[in-house]
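Here are a few exercises to work through with the model open beside you. Try each one before reading its solution.

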Amino acid sequence: MKTRRLLPVLMGTMLTVTILSCSPNQNKHSERTSETKQVAHNIKQQKGKVMELTTSEFKEKVVNYEANPDKWVFRGERPAVVDFYATWCGPCKMVAPIMEELAEKYKGQIDFYKVDVDKEQEVAGVFGIRSIPTMLFIPKEGQPTMSAGAMSYGDLDATVKKLLLK
């Protein structure tokens, strides 16, 4: 997987980006089914699972980019992975069960979140999300790293270990 360094993109941080995938503007008007909403609600309620975040929850649990617009101030208690996704995105659907498995594997060590780019456009805009899935890897201390494109279980697990379990 190729990676490249970009100019400081978010509040003076250097992000690493890999190959791109879906464009979040392909099907903005897709709606969740009631079954998908129930699954998302159930996931949100369980520890060791991927928690879906709204914009206000993102500011509370990850980073309040309004309060600290010029520097990265992580608000979490543990390292975290944020999956920027859309319900209509095929590669995002492939990554979702991998994220669930890793959330269970690293329960209590790493927090796993997801942000629907169609619903939470403010957060997606702040992070410059142009393709999905895009993962944001956030160490407890230091700067986050961003990776765009679907990853296999092995690649995602290796990246989590390398970036977050130092």
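**Exercise 1.** Find how many aromatic pairs a search of the whole structure gives, then work out how F58 and F127 are arranged.

*Solution.* Start with the count: the search turns up five aromatic pairs (ring centres of Phe, Tyr or the six-membered ring of Trp within 6.5 Å; planes under 30 degrees apart are stacked, over 60 edge-to-face, the rest tilted). Next, take F58 and F127: their centres lie 5.4 Å apart with 80° between the planes, an edge-to-face pair. Now place them: F58 sits in helix 2 (residues 55-61) and F127 in the loop between helix 4 and strand 6, 69 residues apart. Helices (H or I, at least four residues) and strands (E, at least two) are DSSP runs, numbered from the N terminus.

This is a predicted model, where local features need pLDDT of at least 70, side-chain atom pairs need 80 or more, and totals for chains, interfaces and linings use all residues. Residues are numbered from 1 along each chain as its sequence is written, and side-chain values use heavy atoms, without hydrogens and water.

**Exercise 2.** Classify the pair of W72 and F127, and say whether they are buried or exposed.

*Solution.* The ring centres are 6.4 Å apart and the planes meet at 85°, so this pair is edge-to-face. Both W72 and F127 are buried (under 20% relative accessible area; exposed is over 50%, partly exposed in between, with a 1.4 Å probe and protein chains only). Finally, zoom out: ring pairs join F58, Y65, W72, F84 and F127 into a cluster.

**Exercise 3.** Locate I129 and find its relative accessible area.

*Solution.* Look in the loop between helix 4 (121-126) and strand 6 (134-138). I129 has a relative accessible area of 6%, so it's buried.
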